[in-house]
Amino acid sequence: MEAKEEMTMWKRMAVLVLATAFLFVSAPLPASAELPYRTYFNDANSGDWSRIQAVYVPDRTISLSLEEPVDLFIGDDDDAYVVDRAANRIVVIRRDGTLRRTIGDAEGPGALKAPEGVFAAFDGTVYVADTGNERIAVYSREGRWIREYKKPDSSYLPADTYFVPSKIVVDKRGVMYIGISGSELGLLRVDPDGRFTGAFGSNKAEQSYSNWLKHLILNKEQLEKEVANRPRAITNATIGSDGFIYTASAGRGSGNIRKLNPGGFDTFRNKALQNTEGIVDVAVDREGFLYGIDSHNAALTLYDPLGNALFAFGDIDSESVRKGVFGFPTSLAVNSAFEIWVADSKLKNIQTFKRTPFGENVLTAIMLFAKGDYEKSKPYWESVSAQNEMFNMTFQGLGKVDLEEKEYAEAIENFKTAYDVDGYSQAFWEVRYAWLQRHLAALFAVVAAACLGIKYGYKAARRRVRARAWPPRLVRYFLELKDIGYVLIHPYHAFYKLKERTVSWPVIVAILLAAVGYKVLAIYFTGFVFNPVDTSQINLPNKLIFFAVPWLTWIIANYLVCSVRGGEGRFREVVQSSTYALAPYLVFSLPLLLLSNIVVLEERVLVDALHQAMLIWLLCLFFVSMQVIHNFEFVETIRNSLITAFAIGIIWFFAFIVSGLTFNLYDFFIQLYREAIYFG
């Protein structure tokens with residue numbers, strides 16, 4: 001009986017366990033709101049890309065039985081015109097994603113054949129780059145065929161030009177700018193009557209060192225056999241509300257996105273925009289912000305009106321079908337609500353992206369900031385700061401607002417946080433100007449008192465020093481340190497004097513420690529205008545190593561080369577002369593450090609000039625020390641200096657090789673040790 005009850009109890013427990021497991025497995029998993037891509041922000045001050053929360057998120061996926069969407073244009077009424085090449089039609093889609101109509105007759109003059117481009121004018125007229133029929137087909141707003149433009153009959157158009165339109169934009173005058181497949185001419189400009197009025201916006205041929213060498217070495221017959229270096233074809237084009245035409249051209253080099261005025265001049269001046277090597281298309285919104293999609297780095301990039309990259313997001317995965325991930329993007333456009341529409345020929349759909357609250361705030365703030373409406377941008381910057389307090393551009397914007405409100409101290413702190421040197425300089429100038437107005441008389445009094453104090457204090461100190469009996473060792477140290485000033489003024493006499501005697505090691509060490517101390521001060525206390533970095537992130541040992549290595553390798557290379565070349569200097573003489581040659585650095589470093597904290601950006605040339613003078617003086621003293629210590633002639637010193645510089649390069653090269661091999665050997669033994677421990 002007891003055994004039967006025990007068996008029943010075990011059965012009940014098994015049923016309970018199975019029921020619990022079933023409920024656990026069948027329960028819905030918590031939904032994940034994580035996007036299938038990451039968003040990055042480009043810090044213009046540092047040039048770094050940093051991860052940030054999303055500015056755009058996927059919204060809708062529109063298919064409508066599309067077969068091959070290859071081009072996309074959004075009109076002034078927010079209707080989207082999609083070129084469905086495989087279906088030989090233009091699909092017109094409302095903003096809510098529903099079908100409005102299709103354009104393209106089944107037969108007759110209005111029938112399309114493999115179209116690749118579309119443009120809807122402000123009056124509703126639809127222009128189609130009818131690639132297969134080698135024409136521009138024109139339709140009414142309702143989709144009724146109106147007329148066609150074939151290849152213009154013009155003597156200015158090369159006879160061998162194939163009129164195979166792939167893209168088209170039309171300005172407010174009705175002038176067409178037609179992109180021709182594979183053409184190096186740029187866009188063909190055709191007036192409303194079909195007359196060719198010239199090529200427009202052609203790219204420049206990219207010059208390279210290999211081409212330069214070919215023209216330098218090869219003769220005329222050999223050059224004729226080489227493949228000509230031709231301009232890149234324009235991949236896509238669009239027009240902004242300001243009338244400027246924007247072109248996209250894939251390939252390495254600069255000018256991949258160009259902003260062309262009515263005369264065809266690139267106002268970006270052939271600027272190299274980021275994330276454009278594989279540029280597919282470019283779009284522009286009503287505020288002038290640019291949007292580009294690049295197939296190489298799988299990025300949809302937002303640019304400010306000047307072409308500076310702001311944000312990048314998106315991903316391309318030809319094997320995956322996920323919302324927000326592209327298969328093969330072919331075109332993009334932006335509507336009046338700043339929604340981004342992307343056509344994808346592999347996924348056969350249109351994906352739309354909408355701004356997040358953070359994206360709305362930050363892009364509105366950037367827009368107002370770009371227009372100079374700093375006061376209006378303040379609440380948006382404050383909202384951005386509340387959503388992301390690590391976003392550097394927030395502090396840059398708030399700093400501009402502080403400048404407008406004459407809150408210069410706050411502006412300085414904001415600009416320092418944003419690493420904005422130009423803004424910091426403007427705010428600091430105002431603070432400095434106000435301080436000088438209040439304390440100018442006191443400053444002159446302090447300077448005058450300091451000059452008198454130095455003059456009479458030096459004389460008094462000199463009399464007191466002479467009146468007192470000092471230990472011989474201290475007298476020797478003082479005289480040796482005094483020679484630093486003598487080296488600056490009379491380098492030849494000073495180095496001959498140093499050659500005739502041995503300088504004590506404590507003085508040499510003291511001079512070197514002073515140089516290192518000045519370097520440490522310069523690393524941490526140089527003015528923000530000259531050193532806009534986060535001092536907490538500085539690797540001091542690395543900085544000091546790279547500061548000391550040139551001096552050490554100079555001593556080694558100098559002694560070795562000059563010993564072989566008949567130099568008379570001993571190693572100790574090379575060390576002590578090279579130490580005293582640091583005199584300009586010891587004398588000028590502190591004044592330069594103080595000046596770097598006083599001058600503004602426009603006055604930086606003064607500090608830079610003094611710094612360059614100090615470096616030239618240093619090189620001259622090292623040259624003179626080599627000539628005197630080794631008793632070389634002037635021309636011989638020049639020759640040996642060049643050989644020494646080459647020897648320094650050899651030493652650095654071998655040090656690099658040895659350090660790399662040492663690290664590899666160390667890593668080998670570490671891996672061997674780990675295998676022995678874990679698998680032995």
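Where does Thr356 lie, and between which strand and which helix? Thr356 sits in the loop between strand E27 (349-355) and helix H4 (357-371); helices (H or I, at least four residues) and strands (E, at least two) are DSSP runs, numbered from the N terminus. What follows is a set of close-ups of a predicted model, where local features need pLDDT of at least 70, side-chain atom pairs count only at pLDDT 80 or more, and totals for chains, interfaces and linings use all residues. Residues are numbered from 1 along each chain as its sequence is written, and side-chain values use heavy atoms, with hydrogens and water left out.

**View 1. Thr356 in its loop.** Thr356 is buried, at 12% relative accessible area (buried is under 20%, exposed over 50%, partly exposed in between; 1.4 Å probe, protein chains only). Its side chain reaches the backbone nitrogen of Gly359 at 2.9 Å. Setting aside neighbours within four places in sequence, Thr356 is in contact (heavy atoms within 4.5 Å) with Ala54, Val55, Tyr56 and Val57.

**View 2. An open sheet of four strands, ordered E12-E13-E14-E15.** The pairing here is antiparallel, and two strands pair if DSSP finds at least two bridges between them. At the edges are E12 (165-170) and E15 (196-200), each pairing on one side only. Five bridges join E12 to E13 (residues 176-180), and Pro165 stands opposite Ile180 in E13.

**View 3. Phe73 and Phe119, a tilted ring pair.** Rings of Phe, Tyr and Trp (its six-membered ring) pair if their centres lie within 6.5 Å; planes under 30 degrees apart count as stacked, over 60 as edge-to-face and the rest as tilted. That rule gives 22 aromatic pairs. In this one the centres are 4.5 Å apart and the planes at 40°. Phe73 belongs to strand E4 (residues 69-74) and Phe119 to strand E8 (residues 117-120), 46 residues apart. Both residues, Phe73 and Phe119, are buried.

**View 4. Tyr424 and Phe528, also a tilted pair.** The ring centres are 4.7 Å apart, with planes at 55°. Tyr424 is in helix H8 (residues 421-467) and Phe528 in the loop between helix H11 (505-525) and helix H12 (540-564), so the pair ties together parts 104 residues apart in sequence. Tyr424 and Phe528 are both buried.

**View 5. A ring cluster.** Ring pairs link Tyr37, Tyr56, Phe313, Phe326 and Phe353. Tyr56 turns up in View 1 too, as a contact of Thr356.

Notes: A polar contact is a pair of N or O atoms within 3.5 Å; within protein, one must be able to donate a hydrogen and the other to accept it, and residues adjacent in sequence count only if both atoms are side-chain atoms.
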